[in-house]
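These are my notebook entries on one protein model. I set down what I looked up, in the order in which I looked it up.

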Amino acid sequence: KQDEGPLVEEVAKLNEALQANGPYIGGEKICCVDLALSPKLRHMNVACGHYKGLQVPEEGSAVMKYMKLMEKRDSFKQTFYPDDFILEGWKSKLPSSL
């Protein structure tokens, strides 16, 4: 089993940054970093939740608020993949023991 500590630590850092400067990565206005990061956060939340039992907490989480804010955008909706599609894509990249 790999150590999830670094992932949890990075999500905590992102949470702190969003709490201090949000609602977006750069503050009040959306930027290209938000557009690149938000799909990756969704993949992380879906795949890590399913395969590792790790997810961004719902309550009190600036990261979850950020993810929900981004999911409301038309650009996000137009490129949205269902959970099962994400899981299938990650399946081949994981050890067969999971």
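**Entry 1: Overall form**

I began with the radius of gyration: the protein has 14 Å, which agrees with the value near 13 Å that a compact globule of 98 residues would have. I then noted that the model is predicted. Taken along the principal axes, the box filled by the C-alpha atoms is roughly 45 × 30 × 20 Å.

I looked up the accessible surface next, and found about 6,900 Å² for the protein. Carbon and sulfur atoms hold 55% of that surface. Of the 98 residues, 30% count as buried. I also examined the contacts with a separation of 6 or more, and 69% of them join residues 24 or more positions apart.

**Entry 2: Confidence**

The protein has a mean pLDDT of 90, and 95% of its residues reach 70 or more. I recorded that confidence is highest in helix H3 (residues 62–71), with a mean of 95. It is lowest in helix H1 (residues 5–21), where the mean is 92.

**Entry 3: Secondary structure**

How many helices and strands does the protein have? I counted five helices and zero strands, and the pattern along the sequence reads α-α-α-α-α.

I then turned to helix H2, which covers residues 32–52 and has 21 residues. From first C-alpha to last, H2 reaches 29 Å, close to the 30 Å expected at 1.5 Å a residue. I listed the buried residues of H2, among them Asp34, Leu41, Arg42, Met44, Val46, Cys48 and Tyr51. What covers them? I found that the cover includes H1, H3, helix H4 (74–78) and helix H5 (83–91).

Val33 also has its place in H2. I classed Val33 as partly exposed, because its relative accessible area is 41% and the class runs between 20% and 50%. I looked up its distance to Lys93 as well: Val33 and Lys93 are 60 residues apart in sequence, and their C-alpha atoms are 25 Å apart in space.

**Entry 4: Backbone details**

I kept one general rule in mind: most residues other than glycine have a negative phi, and most peptide bonds are trans. Just after H2, I found Gly53 with a positive phi of about 75°. I also inspected the peptide bond from Gly22 to Pro23, which is cis, with omega near 20°. Pro23 is found in the loop between H1 and H2.

**Entry 5: Aromatic pairs**

I searched for aromatic pairs and found two in the structure. Phe76 and Phe80 form a tilted pair, with 6.4 Å from centre to centre and 55° between the planes. In the pair of Tyr81 and Phe85, the ring centres are 4.7 Å apart and the planes stand at 5°, so this pair is stacked. The class follows because planes under 30 degrees apart count as stacked.

Is Phe76 buried or exposed? I found Phe76 buried, because its relative accessible area of 9% is under the 20% cut-off. Phe80, its partner in the tilted pair, counts as partly exposed at 43% relative accessibility. Tyr81 is partly exposed too, with a relative accessible area of 42%.

Definitions and conventions: Residues are numbered from 1 along each chain as its sequence is written. This is a predicted model: local features need pLDDT of at least 70, side-chain atom pairs count only at pLDDT 80 or more; totals for chains, interfaces and linings use all residues. Side-chain values use heavy atoms; hydrogens and water are left out. Rings of Phe, Tyr and Trp (its six-membered ring) pair if their centres lie within 6.5 Å; planes under 30 degrees apart count as stacked, over 60 as edge-to-face and the rest as tilted. Buried means under 20% relative accessible area, exposed over 50%, partly exposed in between (1.4 Å probe, protein chains only). pLDDT is the predictor's confidence in each residue, from 0 to 100. Helices (H or I, at least four residues) and strands (E, at least two) are DSSP runs, numbered from the N terminus. The radius of gyration is taken over C-alpha atoms; the globule rule is 2.2 Å times the number of residues to the power 0.38. Contact means heavy atoms within 4.5 Å. Accessible areas come from the Shrake-Rupley method with a 1.4 Å probe; for residues, only the protein chains shown count as cover. The expected span of a helix is 1.5 Å times one less than its number of residues.
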